[in-house]
Amino acid sequence: METEHSIFLEHVGDSPRMRLIQFLIEGRDFDYTLTDMLKANISWGTLNTLIAKLAEIGIVVPVRKVGNATLYKINNKNKTAQQLIAIYDSL
């Protein structure tokens, strides 16, 4: 299995948190369920922990509910998220 090389992850560190943030930055115009976010190559348990923490600090926001699923996206109004997006865009 070949892994994709990401310049962003090379600069900020390849961790589950940064893979999730990169996934959300790349799709910043869309909202995602937790199941969709598994495509960021992180485990279900890690995802549940990370999404709660990122929502608590405001980097990720819940956008809407569809049935029992909550959809999330990166918070473009959060200063930290704005800086991470700027780093991603500059690389």
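Biologist: What is the mean pLDDT of the protein chain?
Modeller: This is a predicted model. In the protein chain, 96% of residues reach 70 or more. The mean pLDDT is 92.

Biologist: In which helix is confidence highest?
Modeller: Confidence is lowest in helix 1, residues 7–12, at a mean of 90. The highest value is 96, and it belongs to helix 4 (residues 44–56).

Biologist: Which residues of helix 4 are buried, and where do they lie around the axis?
Modeller: The buried residues are L47, L50, I51 and L54. They cover an arc of only 100° around the axis, so they lie on the same side of helix 4. T49 and E56 are exposed on the other side. The buried set is L47, L50, I51 and L54.

Biologist: Is N75 buried or exposed?
Modeller: N75 sits in the loop between strand 2 (69–74) and helix 5 (79–90). Buried means under 20% relative accessible area. N75 has 16% relative accessibility, so N75 counts as buried.

Biologist: How many Å apart are N78 and I59, C-alpha to C-alpha?
Modeller: N78 is also in the loop between strand 2 and helix 5. Beyond its neighbours within four places in sequence, N78 is in contact with I57, G58 and I59. N78 and I59 are 19 residues apart in sequence. In space, their C-alpha atoms are 6.0 Å apart.

How values were computed: Residues numbered from 1 in each chain as written. Predicted model: local features only at pLDDT ≥ 70, side-chain atom pairs only at ≥ 80, totals over all residues. Heavy atoms only, no water. pLDDT = per-residue confidence, 0-100. Helix = DSSP H or I, 4+ residues; strand = E, 2+ residues; numbered from the N terminus. Buried < 20%, exposed > 50% of the residue type's maximum accessible area, 1.4 Å probe, protein only. Contact = heavy atoms within 4.5 Å. Arc of directions from axis to C-beta.
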